[in-house]
Structure formats: C-alpha cells, structure tokens
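Hello,

Here is the structure we talked about handing over. Please open it first; my notes follow below.

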Amino acid sequence: MKTPVPDYLLEIRDACSNGDAGRLADYIPELAAVDPDRFAVAACTMDGIVYTAGDADAEFTIQSMSKPFVYALALRDRGIEAVLEKVEVEPSGDAFNQISLDRETGRPRNPMINIGAITTHTLVSEPDATQDDRDEAVRQGLSAFAGRELGVDDAVLDSELRTAFRNRAMANLVRAGGIIANDPDEVVRGYTRQCAYRVTVRDLAVMAVTLATGGINPVTKERVVSAPVARQVLAVMATCGMYDAAGDWMSTVGIPAKSGVSGGIFGALPGQVGLGVFSPRLDEHGHSVEGVRTFERLSHDLELHLMNTTVTDVEAVRSVRFDEISGRRTFRLQGPMTFASAEQVLRRLAEIPEGPSEVTLDLSRVSSVNASARRMLLEAMTRLSADGHVVGLADPGRRLPRPDLGDGTRPVNRRAAR
C-alpha cells in the first residue's frame, strides 16, 4: 500500500496554488525577479520522514524565517535571562520593520520584528566574539537545524545590503540606547547575511520539526538546542511570529509559525509535525498569500490547531501479530489517533508485502480518532482492499464508520479481536 500523505499534499497544492493575488517583495531587487508562480509544501514527522509536493527542490532565501532559529542560538549561548535583558517577548502589534521599543528600557519588544532580530543577532556566541565568529556560529546553527550544510545567496545579500537603510537606522538606535555595544554597520551586515541563507521547503519542515521535538533534529538525531530553549522559541513564535497578524493567525491557524518576505512560511506544532510552504506573492503583512491559505487548509483538514488537546507520545501501533497458518496480520493500535499517530500506522501498513492476505486493524485500545486520522485510516483500508487484501476492523468503540471497501473486504467485526 502506498501511504496517502503525498497524495494529500498534492491535493493541497492544487487547491491552494491558484490565483495571482499578492505581490513580490519588489523593494529588494533580487526578490522582485523570482518566479511568482512557484509553489511548494512539505511536512516532516516527529521521526524525520519528509513528505513534499510542488517545487520542493526550489531554493529561496530564509529571510525573517531565520529569526526564531537565531533567537534559539542566542538563548543557547547566553541563557534566557541574559537575552531577556536585551530583548522583550511582548507582541508589538506592529509590522516587521517598525521601530518598536519599550518606552522605559529601550529594549525591542520581541525578537521577531527587525529591531529585535538585529539585537538578537549580537547575542549569538560568546560576549567577546567577533562578527566573523557570530557569522560562523549562525551558519553552523542554521545548518544543524536543517540537517545539512546551508549556503548564502551572495546576490541577494548584496542586493539587500544596498537597500538596508532602515535596518542601519535601527541598529544605530539600539546602539545609541546602550542595548548593543557592537558596531552597527557590522551588525547589519551579519544580520543581513543571516537572512540570505538558501533553503527549500524540505529544509523548513525539518527545521520546524526540530523545534517541535524539543530541540532534537529527527533526521540527524543531533540535539541542536535544549528543550527549554525550543519551548521558549515556540512560545514567542506563537505570539509574535506573524507580526501584526499574529492574533488572527493564532486564532484561525493555531500553529506557531514564522514568515519571510521571500515567500516562505514554516510552522512547528509541538509533538506532531513541522511544516513548510513556499509561494512568493505576499499580502499586506509581508506573508505569502498562498502560504497562509495552505496553512489554513492544513490546520482545518488535519486538526492541527495548537489548542486541540489530543497530542500524545504513545507509540501508535502497540503490536503486530502475524498468524503463519492463516497469513493474517493484526495491527493493534493504541492511544488517541491524530495526524501524527495515524501517519505512523500508515507507514507500518505500507510495509505489508504484496500479494493477497488478511489484514485487521484492532482499535480496541484507541481512545479517540480525530477527523484527519479517521480520513487517513479509512483511505488506508480502501487502498489495502484495492491491492487485493481482505481487510477487517475490530472497533468496539465505533471510532470509525463502516468503511465501503468494495469486493476485497470481509464483514467488519465490531468486537475486539482475540
């Protein structure tokens, strides 16, 4: 059986990558020259499996999506209290390039707006680090989050530096206020370089899920940051990551996320999944129009809102029993079935050898099945049946409706499998 997750992402691509609303980030010459019709979406599971659809190999610059990860590096290197002394974590309600400072302390309101991100950049590595040291620490850190070596797009870097007048003004402002002690021009060069690393949606999904796992990259198995650091970053993303649209985003999508003016958005749902979307046309907030549309659809279809309460770290497949005489395989499932746990089940079902056999799903230890998991399990049963297997269901709690599987099914047993 082929897992239906890639097909679902293709469905998302077809549904969300239509229309020509929005405009390119034409205030940065290199970004104004990109193909506006590119679209890609990726999802990475908690154990490092990546699914993609669309232009998944297309590279684009990370831009402001670097901010949460560099914030994580600063927290790792200096500690939460030291970073809070320089940058607050309060939602500003302002656009990304507004000068938003605390009236009494002069600190930037949060690390997601530009003035806060510029300040945060100075907190990476040791206090006596040179700008070269910080640049290398950022390179290593972003690469560790992505699970591969990332490189800078020099053309975009040069293009942005030629138009970085406002960021230079912000750097001088926090320098004049004593918030940073570094040379403002050096800091802006380093911050702009941080934003010019090339990534794909696959990278974004892996980087996102590294935060969702509590700081461990599930692809490389490397701990990039500690669990408390990952939690702090996710909390700030939830309240500040989408700038002056953060409240609307959290109420409708409900996934801690960060956007970039290159057209990317990544989202990290703790304990479940990391997501990445790329489409260059932007709305008035600087967010990808089709990216926002895609996250809204994913959140609705897969019930990924943060305020849902069915997240679990219990292994979805309790056991698999194989009867050599009858050739029957019984998959005993357990715990709540969500997108993440149902995806684990689909992968186990996809390992069934070709050729007719009997396959039974035992849901007697399943506590709940949400809409996305119900759709995924029923689709899996349909596909197994189409592949010639006889499919059975032990579902004493009636978590699934009786599936219409066609000629390959045997009567559904509502009692627990013995």
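This is a predicted model. I start with a sheet.

**The open sheet**

Four strands make up an open sheet with mixed pairing. The strand order is β8-β9-β10-β11. At the edges sit β8 (317-323) and β11 (390-394), each of which pairs on one side only. From one strand to the next, the twist averages 15°.

Look next at the β10 and β11 pair. Strand β10 covers residues 358-369 and runs parallel to β11, with five bridges joining the two.

Helix α13 (residues 339-349) lies across β8, β9 (328-337) and β10. Its direction makes an angle of about 170° with β9.

Strand β7 spans residues 273-278 and is mostly covered. Six of its six residues are buried. Val273, Leu275 and Val277 point one way from the strand. Gly274, Gly276 and Phe278 point the other way. Both sets are buried.

Which strands pair with β7? Strand β1 (residues 40-45) pairs with β7 in the antiparallel sense, over six bridges. Here Val41 stands opposite Val277. Strand β6 (residues 264-269) also pairs with β7 in the antiparallel sense, again over six bridges. On that side, Gly264 has Phe278 as its bridge partner.

β6 and β7 form a hairpin with three residues between the strands. Gly271 takes a positive phi there, near 75°.

**The α2 and α5 packing**

Helix α2 (residues 67-78) packs against helix α5 (residues 131-146). The angle is about 115°, and the axes are 10 Å apart. The two helices are therefore roughly perpendicular to each other. Their crossing is right-handed.

Which residues make the contact? From α2 they are Phe69, Val70, Ala72 and Leu73. From α5 they are Ala137, Val138, Gly141, Leu142 and Phe145. By class, the contact has eight nonpolar residues, one polar and no charged.

That is what I have for now.

Best regards

Conventions. Residues numbered from 1 in each chain as written. Predicted model: local features only at pLDDT ≥ 70, side-chain atom pairs only at ≥ 80, totals over all residues. Heavy atoms only, no water. Pairing = 2+ DSSP bridges. Axes fitted to C-alpha atoms, helices over the stretch in contact; angles between N-to-C directions. Contact = heavy atoms within 4.5 Å. Parallel < 35°, antiparallel > 145°, perpendicular 65-115°, else oblique. Left-handed = near helix turned anticlockwise from the far one by under 90°. Nonpolar A, V, L, I, M, F, W, Y, C, P; charged D, E, K, R; others polar. Buried < 20%, exposed > 50% of the residue type's maximum accessible area, 1.4 Å probe, protein only.
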